[in-house]
Amino acid sequence: MNSLRSSRYSDSRRASTARRELDARETADAEEDAATPSTTWLSVEETTRALRRDMYAAQPKALVEARNAGELDDEVMRGELEHLDYEEAATAFDRGAT
């Protein structure tokens, strides 16, 4: 009988400890979530704009490097650069930029 009581007591203690640990984790998660700013559409738009700007800066450099390495004909590079200029202008126009 004594072993049954101590077993129940031990199980109860373990369950209580597990509940406290779970509560502490949930509290920590809630605090972390509250401290983390939520993503807004504005920040997504800003991120997209920054990525697009980086892409438009990197593509001409890559084309020039390919031409300099002899992997791309000069005429093809100029055509692609012109295409990139039109694409960048169209994107700016779609955003309402002038």
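The following legends describe close-up views of a predicted model.

**Figure 1. Overall architecture of the protein chain.** The protein chain contains three helices and zero strands. Read from the N terminus, its elements follow the order α-α-α. Of its 98 residues, 6% count as buried.

**Figure 2. A patch of negative charge on the surface.** Four residues, D23, E26, D29 and E32, gather on the surface to form this patch of negative charge. One of them, D23, belongs to helix α1, which spans residues 2–35. The relative accessible area of D23 is 44%.

**Figure 3. The salt bridge between D74 and R67.** The structure holds two salt bridges, and this view shows the one formed by D74 with R67. The closest N and O atoms of the pair are 3.0 Å apart. Side chains of opposite charge can pair when their charged atoms come close. D74 has a relative accessibility of 29% and so counts as partly exposed. R67, at 27% relative accessibility, likewise counts as partly exposed.

**Figure 4. The salt bridge between D74 and R78 within helix α3.** The side chains of D74 and R78 meet in a salt bridge, with an N to O distance of 2.8 Å. Both residues lie in helix α3, which covers residues 74–95. They are four residues apart, about one turn of the helix. R78 counts as exposed because its relative accessibility is 53%, which is over the 50% limit. Through salt bridges that share partners, R67, D74 and R78 are joined into one network.

Figure 5. T91 is a residue of helix α3. Its relative accessible area is 13%. T91 is therefore classed as buried, this value being under the 20% limit. Which residues are in contact with T91, leaving aside its neighbours within four places in sequence? The contacts of T91 are with R52 and Y56.

Conventions:
Residues numbered from 1 in each chain as written. Predicted model: local features only at pLDDT ≥ 70, side-chain atom pairs only at ≥ 80, totals over all residues. Heavy atoms only, no water. Patch = residues over 30% accessible without salt bridge, like charges linked within 9 Å, V, L, I, M, F, W, Y side chains within 5 Å. Areas by Shrake-Rupley, 256 points an atom, 1.4 Å probe, with all protein chains shown as cover. Lys, Arg positive; Asp, Glu negative; His and termini not counted. Charge placed at Lys NZ, Arg CZ, Asp CG, Glu CD. Helix = DSSP H or I, 4+ residues; strand = E, 2+ residues; numbered from the N terminus. Buried < 20%, exposed > 50% of the residue type's maximum accessible area, 1.4 Å probe, protein only. Contact = heavy atoms within 4.5 Å.
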